[in-house]
Structure formats: structure tokens, C-alpha cells
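The following questions and answers examine how several descriptions of a structure are reached. Each answer sets a value beside the criterion that decides it.

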Amino acid sequence: MSSPRSIVADLAASLYAGEIEYQEFVASIPPEAEKDREIFQLIDLIEHEPKIGRLFGVSQMDHDLYVADIHTKINALKN
């Protein structure tokens, strides 16, 4: 049986690969995963991903760094 960490990591990887929509990602998170601090941090990063652009957005470089942090957390949960 897969651990909540590996399930959420796989879901997040699928989200960023364009294989699932955000709503499916959220709906598929196991209830017990909410108690895990590392999982919570990943979900929080995903929920608050900034948009790119002028008005209330960030630069492409800042966005790329933010997404790289998300991928680092995904990989950490897989291990």
C-alpha cells in the first residue's frame, strides 16, 4: 500500500505534468495526509502559486524558482 506522502507526491507530479486538473488533485488527497507537515507545505505552495504577469504577478524567473521549489518538495516526498 502506498503511503500518503507518495500518493500526494504522485498526484502533484501529475498535476504539474498536465495529466490532472487542480480539482482532481485536491479531491484525491487522502484525509490522513492533512496531518503531515511536509505534505501540508507542498499543498500550501501549490495553492498559493503566483501568477506570471504585471498586475499582481511575478516575473517568469521568480515563477520558475517557485515551481522548482514545488518540484523539490515533490521529490522529497517520494523518498
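Q: With which residues is V67 in contact, leaving aside its neighbours within four places in sequence?
A: In this predicted model, V67 is in contact with Y16 and E49 once neighbours within four places in sequence are left aside. Contact here requires heavy atoms within 4.5 Å. V67 itself lies in helix α4.

Q: What makes V67 buried?
A: The relative accessible area of V67 is 15%. Buried means under 20%, so V67 is buried. Between V67 and L45, 22 residues apart in sequence, the C-alpha to C-alpha distance is 8.7 Å.

Q: Why does H63 count as buried?
A: H63, in helix α4, has a relative accessibility of 11%. The limit for buried residues is under 20%, and H63 therefore counts as buried. Leaving aside neighbours within four places in sequence, H63 is in contact with E49, P50, I52 and V58.

Q: Why does D69 count as partly exposed?
A: D69 is placed in helix α4, and its relative accessibility is 34%. Buried means under 20% and exposed means over 50%, with partly exposed in between; D69 therefore counts as partly exposed. The C-alpha atoms of D69 and L42 are separated by 9.1 Å, although the two residues are 27 apart along the chain.

Q: What makes N75 partly exposed?
A: For N75, another residue of helix α4, the relative accessibility is 43%. Partly exposed covers values between under 20% for buried and over 50% for exposed, so N75 counts as partly exposed. N75 and A13 are 62 residues apart in sequence, and their C-alpha atoms are 9.0 Å apart in space.

Q: How do you know that α3 is roughly antiparallel to α4?
A: Helix α3 covers residues 37-47 and helix α4 covers residues 60-78; their axes come within 10 Å and cross at roughly 155 degrees. Angles over 145 degrees count as roughly antiparallel, which makes α3 roughly antiparallel to α4. The crossing of these two helices is left-handed.

Q: Which residues make the contact of α3 with α4?
A: From α3 come E38, I39, Q41, L42, D44, L45 and I46, and they meet Y66, D69, I70, K73, I74 and L77 of α4. By class, this contact has 8 nonpolar, 1 polar and 4 charged residues.

Q: Why is α1 called roughly parallel to α3?
A: The axes of α1 and α3 come within 10 Å and cross at roughly 15 degrees. Angles under 35 degrees count as roughly parallel, so α1 is roughly parallel to α3. The crossing of α1 and α3 is left-handed. On the α1 side the contact is made by P4, R5, V8, A12, L15 and Y16, and on the α3 side by E38, I39, L42 and I46. These residues divide into 8 nonpolar, no polar and 2 charged.

Q: At what angle do the axes of α1 and α4 cross?
A: The axes of α1 and α4 cross at roughly 145 degrees and come within 8 Å. α1 passes α4 in a left-handed crossing. Here R5, S6, A9, D10, A12, A13 and Y16 in α1 meet V67, I70, H71, I74, L77 and K78 in α4. The contact divides into 8 nonpolar, 2 polar and 3 charged residues.

Q: Which residues touch the most other members of the largest nonpolar core?
A: F25, L42 and I46 touch the most other members of this core, which has 17 residues. Helices α1 (4-16), α3 and α4 each supply at least two of its residues. Leaving aside neighbours within four places in sequence, F25 is in contact with V8, L11, A12, L15, I20, I43 and I46.

Q: What makes the phi of F56 worth noting?
A: F56 has a positive phi of about 65 degrees although it is not a glycine. Most residues other than glycine have a negative phi. F56 is in the loop between α3 and α4.

Q: How do you know that F56 is exposed?
A: The relative accessible area of F56 is 77%. Exposed means over 50%, and F56 is therefore exposed.

Definitions and conventions. Residues numbered from 1 in each chain as written. Predicted model: local features only at pLDDT ≥ 70, side-chain atom pairs only at ≥ 80, totals over all residues. Heavy atoms only, no water. Axes fitted to C-alpha atoms, helices over the stretch in contact; angles between N-to-C directions. Helix = DSSP H or I, 4+ residues; strand = E, 2+ residues; numbered from the N terminus. Parallel < 35°, antiparallel > 145°, perpendicular 65-115°, else oblique. Left-handed = near helix turned anticlockwise from the far one by under 90°. Nonpolar A, V, L, I, M, F, W, Y, C, P; charged D, E, K, R; others polar. Core = buried A, V, L, I, M, F, W, Y, C linked by side-chain atoms within 4.5 Å. Buried < 20%, exposed > 50% of the residue type's maximum accessible area, 1.4 Å probe, protein only.
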